[in-house]
Amino acid sequence: DTEVLLNGFIYWGEKILKKIEGMYSFVILDKKNMEIFGYRDPFGIKPLFYCINDSFFCFSSEQIQLADLKKRLHDDLTTNKSSICEYLMYGYVPNPATFYSQINSLPPGSKFNFKLDYNKLLIKKWFHFDLFLTNSNLPKNSSLKAFENNLKNNVALHLESDVPIAIM
């Protein structure tokens, strides 16, 4: 997957994102232009966390690695108290917040661009889609059927696996 993704990114650039299906988060280093690009799938299934301050920028698919790195660097890490309240209220922490004040989550369907020579981070939404069919020419029953078929196909696609599935 990684080789195909990298070669696709080299060939198509960001247009590769329209060709990818499924869950992903990935980061590309462009040495020539001194930039790092990070992308997260439209539904936010695969996480991508980042941490930035004046001296470093780091990212990971898990918060614990970033928290551990900050501790090893003797950099203060504080609990985000409002995230605890949100977790207790909703059962999750809404993006881009995390349990740590210094660590953020890249929102679903978003990308980041980090300029290495300027230590500048830019985050923007790259993916937009309409969950509901907007073709007003279709009768309501046809729209609902098309939505149902699309949902079933996407769930089936996400159940494909290279290894045996334990639970369905």
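I started with strand 3 (residues 49-52) and found 2 bridges joining it to strand 5, the two running antiparallel. Strands here are DSSP runs (E, at least two residues), helices are runs of H or I with at least four, and both are numbered from the N terminus. Two strands pair if DSSP finds at least two bridges between them. I also saw that Y50 stands opposite N104 in strand 5.

A note on the source: this is a predicted model, where local features need pLDDT of at least 70, side-chain atom pairs count only at pLDDT 80 or more, and totals for chains, interfaces and linings use all residues. Residues are numbered from 1 along each chain as its sequence is written, and side-chain values use heavy atoms, with hydrogens and water left out.

Next I looked at the sheet: 3 strands make an open, antiparallel sheet in the order 4-3-5. Strand 4 (57-60) and strand 5 (104-105) are at the edges with a single partner strand each, so one side of each has no neighbour in the sheet.

Then I turned to the rings and found 12 aromatic pairs (Phe, Tyr or Trp rings, the six-membered one for Trp, with centres within 6.5 Å; planes under 30 degrees apart are stacked, over 60 edge-to-face, the rest tilted). F9 and F26 pair edge-to-face, 6.5 Å centre to centre with 80° between the planes. F9 is in helix 1 (residues 2-12) and F26 in strand 1 (residues 25-30), so their pair ties together parts 17 residues apart in sequence. I noted that F9 and F26 are both buried (under 20% relative accessible area; exposed is over 50%, partly exposed in between; 1.4 Å probe, protein chains only).
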